[in-house]
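The points go from sheets to helices and then to the pocket.

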Amino acid sequence: MRYQFAGFTVDVPTRRLLRDDDEIHLSPKAFDLLVTLIENRAQAVSKADLQQRLWPTTYVLETNLAGLIAEIRQALNDDADDPRFVATKHRFGYRFIGDIAEAALDDPPVLSVKYWVVWEARQIPLAAGTNIIGRAPDASVWIEAPGVSRHHARIVVEGAEACLEDLGSKNGTYLRGEPVHAVTALADGDQIRIGSVLITFRIPPPAGSTETVGR
């Protein structure tokens, strides 16, 4: 589903916020929050409900939710005092108040390169630009585990390249078993250790490709 309003498009399958043809960056949690508000726009959604949806297994402060709302408003050029899109329902929660047009999906856009990191059973897509890895709620790759700093490391995706950089973390970032002291290029299958967590960087094969099997 795609939701369109006032020149903006929220493309749910590709997890992109667009204004005309330009992509506007939103952290993963902020995007999830925006979609939740749009999908429940018939009524206000309580803060407790939003926190349960966004952080089902983790206790977070109410300020984390307020920070995501501020991020959405900045991306939409919205005003908290005179909102066009996201209204605050004081002492309760928030409601999306913009006029929405829903657009059915045609063929999904084909992405020439798409990167992922894999952690346990989670497969987390990486967006173009900077992807923060850490335990802060606004991290693109959110990892709540021992030894992980709030903003531990980052993977920067530019075109057909992806690079890893430590962000001054307390316990360091390791790539292929070696500490990362400078920006380092990533290759498919690289293992990255963040605190006590091991994640794998992946470049999935193009759609429709078939692995060659030796005879």
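1. Two strands are taken to pair if DSSP finds at least two bridges between them. Helices (H or I, at least four residues) and strands (E, at least two) are DSSP runs, numbered from the N terminus. On that basis, β11 (residues 129-134) and β13 (residues 153-158) run antiparallel and are joined by five bridges. I132 stands opposite R154 in β13.

2. On provenance: this is a predicted model, in which local features need pLDDT of at least 70 and side-chain atom pairs count only at pLDDT 80 or more, while totals for chains, interfaces and linings use all residues. Residues are numbered from 1 along each chain as its sequence is written, and side-chain values use heavy atoms, with hydrogens and water left out.

3. β11 and β13 belong to an open sheet of five strands, ordered β12-β11-β13-β14-β17, with mixed pairing. Its edge strands, β12 (141-142) and β17 (184-185), each pair on one side only.

4. Another open sheet of five strands has the order β4-β3-β2-β1-β8, and its pairing is antiparallel. The twist averages 30° from one strand to the next. Within this sheet, three bridges link β3 and β4 in the antiparallel sense, and R19 stands opposite D22 in β4.

5. Strand β7 (residues 93-96) pairs with β5 (residues 45-46) in the antiparallel sense over two bridges; the partner of S46 in β7 is G93. Strand β6 (residues 86-89) is also antiparallel to β7, with four bridges, and A87 stands opposite R95. β6 and β7 form a hairpin with three residues between them, and R91 in the turn has a positive phi of about 65°.

6. Helix α1 lies across β1 (2-5), β2 (8-11) and β3, running at about 100° to β2. Axes are lines fitted to C-alpha atoms, for helices over the stretch in contact, and angles run from 0 to 180 degrees between N-to-C directions. Contact means heavy atoms within 4.5 Å.

7. The axes of α1 and α3 come within 9 Å and cross at roughly 80°, which makes α1 roughly perpendicular to α3. The cut-offs are under 35 degrees for roughly parallel, over 145 for roughly antiparallel, 65 to 115 for roughly perpendicular, and oblique for the rest. The contact involves K29, A30, L33, L34 and L37 of α1, with L65, L68, I69, E71, I72 and L76 of α3. By class these are nine nonpolar, no polar and two charged, where Ala, Val, Leu, Ile, Met, Phe, Trp, Tyr, Cys and Pro count as nonpolar, Asp, Glu, Lys and Arg as charged, and the others, Gly among them, as polar.

8. Helix α2 (residues 47-54) packs on α3 (residues 62-76) at about 85°, with the axes 10 Å apart; the two are therefore roughly perpendicular. K47, L50, Q51 and L54 in α2 meet E62, L65 and L68 in α3. This contact has four nonpolar, one polar and two charged residues.

9. What is the volume of the largest pocket? About 950 Å³, where a pocket is an open set of points on a 1 Å grid over the protein atoms alone, where a 1.4 Å probe fits, with protein on both sides within 12 Å along at least five of seven lines; lining residues have an atom within 4 Å of a point. Grid points are joined across faces, edges and corners, and the volume is the space filled by probe spheres set on the points. Of the 36 lining residues, T14, R15, P125, L126 and A127 are the closest to the centre.
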